[in-house]
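The structure is shown below.

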Amino acid sequence: MRRAWQAERLPAALVARRPQDARLRRVGTSRAGTPLWLLSVGHGSRQVLVVAGPHANEPVGGATVLRLAERALADPRLSEDADATWNLLLCLDPDGSRRNEGWLPGPYSLGRYFRNFFRPGFLEQPEWLPHGAAGARLPETRALLEVQDELRPFLQCSLHGVDVGGGFVELTRDLPGLARRVAHTATRLGIPRELGPYDTLYWPNLGPAVYRIPPPRPGDLAAAITEAAVESTWYHPHRHGTVTAVVEAPMWGVAGVENGQPPTDADAFLRTVSHTLRHDSRVLEQLLARIRPFVQGGTEAGTGLGLIEYQSRVVLSAFELARRHAPVRSRSGEPGWGTETVVPMHRE
């Protein structure tokens, strides 16, 4: 994760090493003028889209896409044999990620993370579509929508990181067998699974730590609780037959989230939680009063190789299950493969 953040030339070096199988192209520009890079591996007609860095404070996806690129290059079963092309968006919110430089280079600790944490307000997060696709105003959002409509992928994976807790997966359509594979991968790598994430309140459970995102349908309970999640770029390519998998991986894992048993004394447990929330609310209220004079305008404001490997394997499991039911797709509209990157990123 540290290398993925510090060395932007890593993807370009990969392309230079295997120019016949990999390429980089610029698919957009951020609000601050930072290029949005798409790394494509393979020549297959079936397109996979993996989006890293949709949230500025969740960097594990940037390392995961590099791991996936290396695997797709090394294993023909993931590209040639599957008639698949892997399209890896290296970072959807590079401007926000740069605001996390205070902790991203490491060392990684909760204190260092929260003291240097940055995450833009809801309307500044590029995955959301509060006004629908036609009303998308962020250039990062428009770039992602254009890539989705160009590629029409059979599988889209959005890579996220839970601050503290466990891993889980959200799907726009069921992939039978994924829950079992997630359990196997999590156990093998020592990643706890989150069996009751608040992100998925009232969503259908497809298996332990795997949930189905409800379709955009305002007015029901699921929409009232998590309407922001369904009005997003996760559902935009659904019209093309795409299944989207949101892969959440914990930056700091907590084994307790894997305990699905109800407490023996529910009333006492709720009283304890209520007391803690009231105490923390008072602390936050005092803190807000101290910092308010310094805030003017503006908008709202367990790491390691095992974590990257966990997220990579979950994506690969979703890929294998999704491609069994995917219709044959035509190749994307991008120009023919060359021997050099379209935009020489390593010389910028």
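Helix α3 (residues 60-74) and helix α10 (residues 305-323) have axes that come within 9 Å and cross at roughly 60 degrees. Axes are lines fitted to C-alpha atoms, for helices over the stretch in contact, with angles from 0 to 180 degrees between N-to-C directions; helices (H or I, at least four residues) and strands (E, at least two) are DSSP runs numbered from the N terminus. The model is predicted, with local features requiring pLDDT of at least 70 and side-chain atom pairs pLDDT 80 or more, while totals for chains, interfaces and linings use all residues. Residues are numbered from 1 along each chain as its sequence is written, and side-chain values use heavy atoms, without hydrogens and water.

The α3 and α10 pair is therefore oblique, the class left over when angles under 35 degrees count as roughly parallel, over 145 as roughly antiparallel and 65 to 115 as roughly perpendicular. Contact (heavy atoms within 4.5 Å) is made by residues including V60, R67 and R71 of α3 and L305, E309 and L316 of α10.

A further partner of α10 is helix α7 (residues 178-189), whose axis comes within 10 Å of that of α10 and crosses it at roughly 160 degrees. These two helices are therefore roughly antiparallel. Among the residues in this contact are L178, R181 and L189 of α7 and G306, R313 and L321 of α10.

The table gives the composition of each contact, where Ala, Val, Leu, Ile, Met, Phe, Trp, Tyr, Cys and Pro count as nonpolar, Asp, Glu, Lys and Arg as charged, and the others, Gly among them, as polar.

| Contact | Residues by class |
|---|---|
| α3 with α10 | eight nonpolar, four polar, four charged |
| α7 with α10 | eight nonpolar, three polar, five charged |

Most residues other than glycine have a negative phi, and most peptide bonds are trans. The bond from G106 to P107 is cis, with omega near 0 degrees; P107 is in the loop between α4 (94-98) and α5 (110-115). R152 has a positive phi, near 50 degrees, and is placed in the loop between α6 (139-151) and β5 (155-165).
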